[in-house]
Amino acid sequence: MNSRTEDGGRLARVTILDVASVAGVSKSTVSRILDERLPRSDNETSRRVRKVAEEMGYVRDVSASSLRRGSTMTIGVIVPRLTDTVMAMLYEALVKACNKSGRFAIVATTDDKPKADRLAAESLLNRGVDGLILATAREDDDFPDELMARGVPFVLALRTDGRSLSSIGDDKLGGYLATRHLLDLGHRRIGVIAGPSYASSSLGRVEGYRQAMEEAGVTLCPDWMVPSTFGIDAGADAAEQLMNLKDRPTAIFAVNDNTAIGALSGLSRLGISVPDDVSVVGYNDIPIVSHLPTPLTTLRVPFEQIASNALDLLTSSALSADDRIRVSAPTLIPRKSSSKPRLETIRTIDHPHVGAK
């Protein structure tokens with residue numbers, strides 16, 4: 001293995017990256033060729049890679065390899081951040097699911113940055129996890145395809161790319177239920193704090209909003225849909241933007257509870273009462289929202305079911321083509337932040353604290 005110098009000093013282990021550099025191919029290509037679990041290929045590239053690996057003294061990390069086949073009972077979890085209560089709730093649910101089956105979950109955070117996702121995955125894999133559960137999938141990133149090409153066991157949670165094994169909530173249904181609730185109360189001008197366009201969760205919830213509005217015969221105003229991040233400050237900014245419209249909404253659907261909390265703060269700062277002037281609905285039902293001065297109407301996401309499904313998908317030896325994406329239904333939880341619109345709020349109203357555009 002060329003693990004020592006002539007004077008007995010240790011040399012660094014030859015890695016797949018070293019082999020890839022010398023062979024002139026990608027790291028994922030070397031990984032596929034040297035993975036004993038995959039059918040052995042016999043072409044010029046494969047022969048060159050195997051020859052280079054042998055000459056360099058590359059030895060497959062047997063411990064890491066065995067860990068990925070399930071011998072360590074350890075699962076790596078990648079989330080954007082644990083300061084986000086949604087991600088903390090998902091991780092806790094995954095820990096419970098792992099404990100029930102004698103497994104152990106370890107977490108890495110990446111601040112929702114694709115480069116950091118890759119570094120976190122490599123770090124966890126190098127520590128020999130059996131597989132990965134990622135809550136960081138993005139519409140604009142092919143990282144799941146890279147993992148699949150390398151033969152790394154993984155499952156997407158809360159977000160999906162539509163192809164990989166995934167355990168998610170029914171976001172379209174949730175967005176529909178939230179909007180239908182406001183429509184049934186009598187609202188027609190309903191704004192949506194739409195979240196980021198890279199997350200399938202926010203896209204699905206906005207799709208449900210659109211469906212409910214169209215079914216109700218409400219003409220959608222583009223200005224009612226405000227993109228945002230999943231943060232509290234973004235929710236406050238989006239609410240102010242909506243309230244500055246000439247035909248301002250009488251209700252707001254925020255695609256997660258953080259942005260809904262931000263919207264409540266922003267509306268309060270503008271002197272706008274919830275729900276008397278504007279109703280607000282959030283999404284996820286994180287613990288704090290039922291204890292706010294005005295308890296938040298929201299959609300409850302079944303995190304434990306999503307976690308259980310994710311772990312089952314990751315550890316099942318055989319899955320049918322129809323069982324690659326498991327969807328769990330949310331539940332509408334009505335609270336005091338949503339009510340029928342007052343007659344004066346159905347008309348465009350002017351607040352001295354808000355400048356209409």
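Two strands pair if DSSP finds at least two bridges between them. That rule applies here to a predicted model. In it, strand β1 (residues 74-79) and strand β2 (residues 104-109) pair in the parallel sense. Six bridges hold this pairing. Within it, Ile-75 stands opposite Ala-105 in β2. Between the two strands, the chain passes through helix α5 (residues 85-100). This β-α-β crossover is right-handed.

**The chain as a whole**

The protein chain has 357 residues, and 53% of them count as buried. Its secondary structure comes to 13 helices and twelve strands. Take the contacts between residues at least 6 apart in sequence: 72% of these join residues at least 24 apart.

**The sheet**

β1 also pairs with strand β3 (residues 131-134). These two strands run parallel, joined by four bridges. Here Val-77 stands opposite Ile-133 in β3. The two pairings of β1 are set out below.

| Strand pair | Bridges | Sense | Facing residues |
|---|---|---|---|
| β1 and β2 | six bridges | parallel | Ile-75 and Ala-105 |
| β1 and β3 | four bridges | parallel | Val-77 and Ile-133 |

Both pairings belong to an open sheet of six strands. What is the order of its strands? The order is β2-β1-β3-β4-β5-β11, with parallel pairing. The edge strands are β2 and β11 (325-328), and each pairs on one side only. On average, neighbouring strands of this sheet are turned by 20° against each other, direction ignored.

Helix α5 comes back into the picture here. α5 packs on the sheet and touches β1, β2, β3 and β4 (154-157). The direction of α5 makes about 160° with that of β2.

**A pair of helices**

Two packed helices are described by the angle between their axes and the distance between the axes. Helix α2 (residues 27-34) and helix α3 (residues 44-56) pack at an angle of about 85°. Their axes are 10 Å apart. Angles of 65 to 115 degrees count as roughly perpendicular, so α2 and α3 are roughly perpendicular to each other.

Which residues make the contact? From α2 come Thr-29, Val-30, Ile-33 and Leu-34. From α3 come Thr-45, Ser-46, Val-49, Arg-50 and Ala-53. The residues of this contact divide into five nonpolar, three polar and one charged.

Terms used
Residues numbered from 1 in each chain as written. Predicted model: local features only at pLDDT ≥ 70, side-chain atom pairs only at ≥ 80, totals over all residues. Heavy atoms only, no water. Right-handed = clockwise from strand over helix to strand, strands pointing away. Axes fitted to C-alpha atoms, helices over the stretch in contact; angles between N-to-C directions. Contact = heavy atoms within 4.5 Å. Parallel < 35°, antiparallel > 145°, perpendicular 65-115°, else oblique. Nonpolar A, V, L, I, M, F, W, Y, C, P; charged D, E, K, R; others polar. Buried < 20%, exposed > 50% of the residue type's maximum accessible area, 1.4 Å probe, protein only.
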